[in-house]
Amino acid sequence: MTSTFPNISISTERLVLRPLDEDDVPALAEMMNDEQVAAWTSVPQPYSEDAARRWITEHASAERLAGRGLDLAVTEFLTQRLVGVVRLARTNWHIRSTELSYIIAPWARGEGYASEAALATAQWLLGDQKLERVELRTAADNAAAQQVAQKIGCISEGVLRNACIVHVRTEDGTWADVRSDYIVWSLLPEDLEGAGEELAGSDGFTSWN
């Protein structure tokens, strides 16, 4: 039984999910410096191209080879432009579970890319990879991310109180930490039936550590 994810590409009607490469550095850095990314995730700000390069060349491959997770670039099929990233983390090969999170570039939001990428990844995980559980966590005030979870067929399991940190701008322009709750969502193989029939709509951010 495998204990690492393979280097793969996943295709949908509009997207190709593939391993990150160094050509993605400028677009990845630009995406991570967005205000909404700063607000809803723990991505350090400002986010430099050097940080993006280290993630792609060092962190992503180390996580995959260690069996902990997988980082995928989300690109448009027609333009090959980077529209986001999908990340798998906290993978447990004995339980056959992993946590899925994602970020979508500012210019690509509202096109349903988050739902399309998340659903395609979940179908691959629960089908080809024979996982038994895919988990998502969304900040309690992040309505857009919750809509994505619902659209792909996730089941809300409950609330982890005071379990995450989100960020707000202060009067002097810096970021301040604010505690919030996590809503925990899950997808099991039987939940995928009928998923994906209506995927157009808002994009959001799941947990990102």
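Trainee: Before we start, what does contact mean here?

Mentor: Contact means that heavy atoms lie within 4.5 Å. Please also keep in mind that this is a predicted model.

Trainee: Then which residues does Thr121 contact, leaving aside its neighbours within four places in sequence?

Mentor: With those neighbours set aside, Thr121 is in contact with Ile10, Leu17, Val86, Leu88 and Leu100.

Trainee: Where is Thr121 placed?

Mentor: Thr121 belongs to helix α4, which covers residues 113-126.

Trainee: Is Thr121 buried or exposed?

Mentor: Thr121 is buried, because its relative accessibility is 0% and the cut-off for buried is under 20%.

Trainee: What does the side chain of Thr121 reach?

Mentor: The Thr121 side chain comes to 2.8 Å from the backbone oxygen of Ala117.

Trainee: Which residues lie on each side of β3?

Mentor: On one side are Leu70, Leu72, Val74 and Glu76, and on the other are Asp71, Ala73 and Thr75.

Trainee: How many bridges join β2 to β3?

Mentor: Strand β2, residues 15-19, is joined to β3 by 5 bridges, and the two run antiparallel. Within that pairing, Arg18 has Ala73 of β3 as its bridge partner.

Trainee: What about β3 and β4, how many bridges there?

Mentor: Strand β4, residues 82-92, pairs with β3 over 6 bridges in the antiparallel sense. Ala73 has Val85 as its bridge partner in β4.

Trainee: Which residue takes a positive phi in the hairpin of β3 and β4?

Mentor: That residue is Gln80, with a phi near 65°, in a hairpin that has 5 residues between the strands.

Trainee: Back to salt bridges. How many does the count come to?

Mentor: The count comes to 14 salt bridges. Among them is the one between Arg169 and Glu35, whose closest N and O atoms are 2.6 Å apart. Arg169 lies in strand β7 (residues 155-169) and Glu35 in helix α2 (residues 35-40), so this pair ties together parts that are 134 residues apart in sequence.

Trainee: How accessible are Arg169 and Glu35?

Mentor: Arg169 is partly exposed at 42% relative accessibility, and Glu35 is also partly exposed, at 39%.

Trainee: Where do Asp50 and Arg53 lie?

Mentor: Both lie in helix α3, residues 49-65, and they are 3 residues apart, about one turn of the helix. Asp50 is partly exposed at 46% relative accessibility, and Arg53 is partly exposed at 30%.

Trainee: Which residues do salt bridges with shared partners join into one network?

Mentor: That network consists of Arg90, Glu99, Arg133, Glu135, Arg137 and Glu157.

Trainee: Now the whole chain. How many helices and strands does it have?

Mentor: The chain has 5 helices and 8 strands. Its radius of gyration is 16 Å, close to the 17 Å that the globule rule gives for 209 residues, so the chain is as compact as a globular protein of that length.

Trainee: What does the C-alpha trace span?

Mentor: Along its principal axes the trace spans about 50 × 40 × 30 Å. Of the 209 residues, 51% count as buried.

Trainee: And what does the accessible surface come to?

Mentor: The accessible surface of the chain is about 10,100 Å², and carbon and sulfur atoms account for 48% of that surface.

Methods: Residues numbered from 1 in each chain as written. Predicted model: local features only at pLDDT ≥ 70, side-chain atom pairs only at ≥ 80, totals over all residues. Heavy atoms only, no water. Buried < 20%, exposed > 50% of the residue type's maximum accessible area, 1.4 Å probe, protein only. Helix = DSSP H or I, 4+ residues; strand = E, 2+ residues; numbered from the N terminus. Pairing = 2+ DSSP bridges. Polar contact = N/O pair within 3.5 Å; in protein donor to acceptor, adjacent residues only side chain to side chain. Rg over C-alpha atoms; globule rule 2.2 N^0.38 Å. Areas by Shrake-Rupley, 256 points an atom, 1.4 Å probe, with all protein chains shown as cover. Salt bridge = Lys/Arg side-chain N within 4 Å of Asp/Glu carboxyl O.
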